[in-house]
Structures are given as structure tokens and as C-alpha cells.
Amino acid sequence: MRILFACGGTGGHINPAIALAKMVRERRPRSGILFVGGDKGMENQLVPREGFELRTISNRSFQHKLTPKALVWNVKTVFHMATVLKQANAILDDFKPDIVVGTGGYASYPIVRSAAKRGIPTAIHESNAFPGWTTRALAAKVDRIMVSFDDSVGHYKRKDIVVVTGTPVREDFIYGKRDEAKAAMKLDDRPVVVVYFGSLGAREMNKMMVDYMALLAKSGAFQLVYATGSFGAKWMPERVAEQGIDLSACPHIRMQEYIYNMPEVMAAADMMIARSGASTLTEMMVSATPAILVPSPNVTGNHQEPNARSVETRGGAVMILEKACSGRLLYDTTVQLLSDPTRLERMRSAMKSMAYLDANERIYKTITDLADFGTDSTQ
């Protein structure tokens, strides 16, 4: 089987595709696997790191603001699409995939669209409850739409091709062991808190984290693994130093641009602070990690807030809206949760109860059936 994964932009689009690609590589070692993404996204770091081939297109995203500048940008993007489609078709000519699977991001659109037009079997996976722009644009063209939530089916006109699968996740999120992870990371016996606001980072949340770290630097109450994201990495070190925080004197605080060993880090975590995108929530659920969720107010349809409310209602997380959030509130809420082991254990159980532990298997079966290969085949 020759399978092409089209994804890009953020880890939330890329990591699910990597999880599926690993399953294909394990089940069908002779399969050809190719990733296609944008020329500037996180896929350029994440995909090669996992040992997969990546080819890129000169992708150019649309802007959703209703401003004259955004309008001019979008008009140029439309004209640029001809170039991108030409690149996409050249990749299809060369690789000759049996199936093309898009997992989100603007880079998915030209590849999946071109494949569908050629009659190549196509599928898209939407991690979020509310479909993003790429999914909506491709929904009428593909053979299968895979979604993460039962409630998502109603967003699509062609309900007969929608399959509820859950969101794919790397299996090492499921089987991680806390003691082994803490030992590998050289962490001590204090609780571990992981903070991650996405591969690009979140400026307002990063600002709040400066106050959070200042409080933690003084107390030493727990250990922190904090990823700033690519944008935050450019200015956070200076901002932290300006606030009088000497990270070299605080070994219990680890600030870095990105967490590449996230399964190991989450296995070590007592709790997490993060946004509430579907992929992040899936990783929390399968690893049974309690959380403080601060949904992003800057996403399509404000879909992260309903995601967070759903998890909070089930008892797996505490939600704080960004407009009401502060570094002090995050810190105080963290200390409160860490001081209540019984509640944390209930939150772990709640997270685990929401997990689709067989999401990878469901999606694997969907795409292999679509490509007309039996699941027992070794091709």
C-alpha cells in the first residue's frame, strides 16, 4: 500500500498523521509512506524526526479577518492556488498513492482536492468537534470523513460517508509509566506540572506564565516543564530575565521551545495546563492526565470552549477562560489541585473514561478498507 498523508501548520494536525503512519509502518512494513506539508510549518521538524519522508508545497493560508489588508491577501492567495495545485499534482504523479489522507491544515487542501479529482481514494480526519475551513472545503469531494465526536456528525451534509473514529494518538501516550518517565527525565519526587499552549505558542498565556514562574521560583513547590512555542521562544527568555527570574538557579523550572518527547513528559506529569484543541485533549485522555484548560478565544467557531466545558463537566479538568485568567490564578489553582490527591485521582479516572483507546485501529481499518486492501494483507 502506498499512502500519502497531507497535513501541516500545527502539531494538532501533524501528530495524528504521524500516529497513523507509525501504525501503517508497523502493520505493513513494505508500505510506501509519504507526508506532504507546507514549506514553513512545524511538519518540517516533526515529520523527519519520526523517520518519514516529507515533501513540501509553497502553501499560503487564507486570513479570516474582515479588513482591506486581509482581503488583498486572500485575493493573492486564490491566484497562488494555481501554483500550489501544480506542485500537488507533480507529487501525485511521482508518488502514485493508493490513498490520500488529510488530517488538517491548509497544506491538506490542494493534495486531497487533486487526488479526489483524479479518482484516488481520499479521506479526511477532523479532530475538533466543529469542522475547520479545510475540512468544510473538502467535505463534498472526499470518500470518507472521519470525526472525533458523535455530535460532530450533524455538521456534515453527507452523513453516509461520516465515520466516528476518535482522534489518533501515538500508542506510547497510552502505555507510559510515571516512575520510568520521571527517572528518564531526571525529575525528583516533587509533583510535575506540564504547560503547553501549542506548537506556535500563545502570546497572552506566555505573558501570564512569567508571573507563574516568578511565584514558582520562590516557592519551589513543584516541578515545571513549560514549552513556549516557536513564537514565544523568541522573546520569553528576555521577558523572564527582566522579571528577575534566574532559570539557571531554578532547576525545578524547565522552559523550552517545544516538547518533542510529549508521551514521556505526560507520563511523568501529575497535571497539565493547556489549550483545549482536540488533539491535546485526546493525549490527556489516553494518558489520564488531569488538566487546567484555557481554551483559545481565537479559533474558528470558538470550538475550544465547548471542548473544555465538556471535559470539565465530566470531571477531568478545570476550565478558566483567558479573559478571566492570570498567572496568579493559574498558580493558585495548580497548588490547590496538587494539594488534593483524591481529587486528582478522580480527574485521572474521568479523563480515562473519555478516551477512545482504539481510535488508531478504527482509522486504520477505515483507510485500508477504502484503499481496497484487507486488514490482514501484508502489502
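1. Leu4 has Leu34, in strand 2, as its bridge partner. Strand 1 (residues 2–6) and strand 2 (residues 32–38) are joined by five bridges and run parallel. Strands here are DSSP runs of E with at least two residues, helices are runs of H or I with at least four, and both are numbered from the N terminus; two strands pair if DSSP finds at least two bridges between them. This is a predicted model, in which local features need pLDDT of at least 70 and side-chain atom pairs count only at pLDDT 80 or more, while totals for chains, interfaces and linings use all residues. Residues are numbered from 1 along each chain as its sequence is written, and side-chain values use heavy atoms, with hydrogens and water left out.

2. Seven strands make up an open sheet with parallel pairing, in the order 3-2-1-4-5-6-7. Its edges are strand 3 (53–57) and strand 7 (162–164), each of which pairs on one side only. From one strand to the next the twist averages 25°; axes are lines fitted to C-alpha atoms, for helices over the stretch in contact, and angles run from 0 to 180 degrees between N-to-C directions.

3. Helix 4 (residues 108–118) touches strands 1, 2 and 3, strand 4 (99–102) and strand 5 (122–126), and its direction makes about 150° with that of strand 4. Helix 15 (residues 359–370) touches strand 1, strand 4, strand 5, strand 6 (144–147) and strand 7; the direction of helix 15 makes about 180° with that of strand 6.

4. Strand 8 (residues 192–196) is mostly covered, with five of its five residues buried (under 20% relative accessible area, 1.4 Å probe, protein chains only). Val192, Val194 and Tyr196 point one way, Val193 and Val195 the other, and all are buried. In a regular strand the side chains alternate between the two faces of the sheet.

5. Strand 8 has parallel neighbours. Five bridges join strand 8 to strand 9 (residues 223–227), where Tyr226 stands opposite Val195. Four bridges join strand 8 to strand 11 (residues 271–274), and there Met272 is the bridge partner of Val194.

6. The second largest pocket has a volume of about 450 Å³. A pocket is an open set of points on a 1 Å grid over the protein atoms alone, with protein on both sides within 12 Å along at least five of seven lines; a cavity is a set where a 1.4 Å probe fits but cannot get out, and lining residues have an atom within 4 Å of a point. Grid points are joined across faces, edges and corners, and a volume is the space filled by probe spheres set on the points. Of the 23 lining residues of this pocket, Ser148, Phe149, Met285, Ser310 and Tyr356 are the closest to its centre. Helix 11 (278–287) and helix 12 (304–313) each supply at least two lining residues, and the largest share, five residues, comes from helix 11.

7. The structure holds three cavities of 30 Å³ or more, and the largest cavity has a volume of about 50 Å³. Its lining includes Asn15, Pro16, Arg170, Phe173 and Glu283. Helix 1 (11–27) and helix 11 each supply at least two residues of this lining; the largest share, three residues, comes from helix 11.

Notes: Contact = heavy atoms within 4.5 Å. Buried < 20%, exposed > 50% of the residue type's maximum accessible area, 1.4 Å probe, protein only.
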